[in-house]
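Hi everyone, thanks for coming. Today I'd like to walk you through one protein chain, a piece at a time. Please have a look at it before I start.

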Amino acid sequence: MTNIAILTGRIAREPDTRETKGGTNVTGITVVTDRPLRDKDGKTYKDENGYTARESEFHRVTCFNGLAKTVGQYCTKGQLVSVQGRIHYTQWEDKDGVTRYGTEILADKVDFLSRGNGSGDDSDNTDAPEID
């Protein structure tokens, strides 16, 4: 049995990097993908500007250890990435006792398909890994 997810999209917001009490590096990113919208007959259609109407989906992606460090250091909002990993479902109770559910991609690999936009500080991604 296999659980593989592959996403190609843009990073929707700056990466969120932290370290657990046990010393594990964790970085979360949100990757946005889109697809053509379809009408009730299953056909694509144009929006008011003449472009094919599209629907966006936002995917939570979590990276660990060395991958977390690299993604946290070199990825920025708007950057095009390809993520390979597995789908992970979680369930928890919030502070009010309500059962909540979540879905995320636990990344095994993140490929940089474009350079980052830079974060406004001295980091211009010139030391980022090469893009094939």
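Let me begin with a question: is V98 buried, partly exposed or exposed? Keep your guess in mind while we find the residue. This is a predicted model, by the way. V98 sits in the loop that connects β5, residues 80–93, to β6. If we set aside the neighbours within four places in sequence, V98 is in contact with W92 and E93. And the answer is that V98 is partly exposed, because its relative accessible area is 37%, which falls between the 20% limit for buried and the 50% limit for exposed.

Now let's zoom out. The chain has six strands and one helix. Reading from the N terminus, the order is β-β-β-β-α-β-β. Of the 132 residues in the chain, 30% count as buried. Take the contacts with a separation of 6 or more: 59% of them are between residues 24 or more positions apart.

Next, the helix. Which residues of helix α1 are buried? In α1, which covers residues 65–74, they are A68, V71 and Y74. If you look down the axis of α1, these buried residues fall within an arc of 160 degrees, so they line one face of the helix. There is a handy general rule to remember here: an α-helix has 3.6 residues a turn, so residues three or four places apart point the same way.

Let's move on to the largest pocket. It holds about 210 Å³ of space. Its lining is made of 13 residues, and the closest to the pocket centre are D16, G28, I29, V61 and T62. β3 gives the most, with five residues. Sorted by class, the lining has six charged, four polar and three nonpolar residues.

Finally, a word on confidence. The average pLDDT of the chain is 89, and 88% of the residues score at least 70. Residues 118–123 are a stretch to treat with care, as their pLDDT is below 50. Beyond near neighbours in sequence, that stretch has five contacts in the model.

Technical notes. Residues numbered from 1 in each chain as written. Predicted model: local features only at pLDDT ≥ 70, side-chain atom pairs only at ≥ 80, totals over all residues. Heavy atoms only, no water. 1 Å grid on protein atoms, 1.4 Å probe; cavity = no way out; pocket = protein on both sides within 12 Å on 5 of 7 lines; lining within 4 Å. Points joined across faces, edges and corners; volume = space filled by probe spheres on them. Helix = DSSP H or I, 4+ residues; strand = E, 2+ residues; numbered from the N terminus. Nonpolar A, V, L, I, M, F, W, Y, C, P; charged D, E, K, R; others polar. pLDDT = per-residue confidence, 0-100. Contact = heavy atoms within 4.5 Å. Buried < 20%, exposed > 50% of the residue type's maximum accessible area, 1.4 Å probe, protein only. Arc of directions from axis to C-beta.
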